[in-house]
Amino acid sequence: MSLFDMNYLNKYYIDTNRGQNPDPKGDDVTKAKWAPLAAGINTVTPASSDTTDNTPYYDGDGFTDTDVTGKAITLAFSGNRVIGDPAQEFVSNHFLSIGANLKTLAKWVNPQGQTIYSNVTLTAIVPTGGAANVKQTFSFTMSFNGKPFMEDANGQDIQFNLDSYDGTAGVIDDDGNQDTQSVTNPANTGTGTGSAPATTPTDAGSGSGSGSGTPADGSGTGTGTSK
């Protein structure tokens with residue numbers, strides 16, 4: 001199991017103080033009363049309802065590309081009713097509520113320590129139900145409102161929806177950072193002169209040659225033939 005994270009390592013919380021601003025640096029998150037959604041919860045199902053665009057263009061040879069232009073994120077919780085659990089009591093008490101009374105803050109901490117904050121609306125609340133001889137059921141759905149905030153394990157903001165593109169002097173990655181690229185300079189060649197030993201004491205040898213040099217000075221060495 002070392003290659004897989006267990007689902008229970010995900011931690012979910014609901015703000016029973018009914019804060020509205022999901023900015024983790026804001027007062028609502030600081031003053032939130034986070035109640036864990038864990039007791040009696042058997043299943044959590046995250047879902048993303050994507051808004052997509054498939055507009056065909058004349059340069060596509062009859063084929064289309066798919067662009068995701070929007071998302072509606074939900075977290076569906078289901079399990080058994082636990083009387084007295086702060087999170088379940090808060091949700092169950094809003095069974096008959098409508099409008100702004102169903103909005104609050106939610107927090108999701110994944111196994112990597114990343115934290116998502118969002119304003120949510122409580123929908124599809126089922127505070128009880130089932131056969132007479134079984135545990136009461138409990139379920140509801142959190143529907144995200146607007147763009148959530150995300151932080152890494154060190155509390156630093158994660159910009160999760162920036163597009164990447166190639167820059168002139170580097171590549172802009174998904175974190176908005178510029179990665180430098182190395183540039184290979186063309187090799188320089190240099191010329192040089194050389195001398196050759198005389199075949200006889202009276203013969204002086206001279207010659208010329210060419211060779212490769214460093215980019216800095218273009219100097220080189222050569223070999224010559226005697227005459």
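The legends below describe close-up views of a predicted model.

**View 1. Confidence along the chain of the predicted model.** The chain has an average pLDDT of 81, and 70% of the residues reach a score of at least 70. Over residues 165–172 the pLDDT is below 50, although this stretch has 17 contacts in the model beyond near neighbours in sequence. A further stretch, residues 178–227, stays under 50 in pLDDT, and the model gives it 64 contacts beyond four places in sequence. Where pLDDT is low, the predicted coordinates should not be read in detail.

**View 2. The largest pocket, with a volume of about 480 Å³.** This pocket is lined by 18 residues, of which Ser48, Lys71, Ile73, Pro148 and Phe160 are the closest to its centre. Two or more lining residues come from each of the elements β3 (41–53), β4 (67–80) and β7 (137–151), and β4 makes the largest contribution, with six residues. Sorted by class, the lining of the largest pocket consists of 11 nonpolar, five polar and two charged residues.

**View 3. The second largest pocket, with a volume of about 300 Å³.** Here the lining comprises 14 residues, and those closest to the centre of the pocket are Asn7, Tyr8, Asn10, Tyr12 and Val44. The strands β1 (11–15) and β3 each provide at least two residues of this lining, with the largest share, five residues, coming from β3. By class, nine nonpolar, four polar and one charged residues make up the lining of the second largest pocket.

Technical notes. Residues numbered from 1 in each chain as written. Predicted model: local features only at pLDDT ≥ 70, side-chain atom pairs only at ≥ 80, totals over all residues. Heavy atoms only, no water. pLDDT = per-residue confidence, 0-100. Contact = heavy atoms within 4.5 Å. 1 Å grid on protein atoms, 1.4 Å probe; cavity = no way out; pocket = protein on both sides within 12 Å on 5 of 7 lines; lining within 4 Å. Points joined across faces, edges and corners; volume = space filled by probe spheres on them. Helix = DSSP H or I, 4+ residues; strand = E, 2+ residues; numbered from the N terminus. Nonpolar A, V, L, I, M, F, W, Y, C, P; charged D, E, K, R; others polar.
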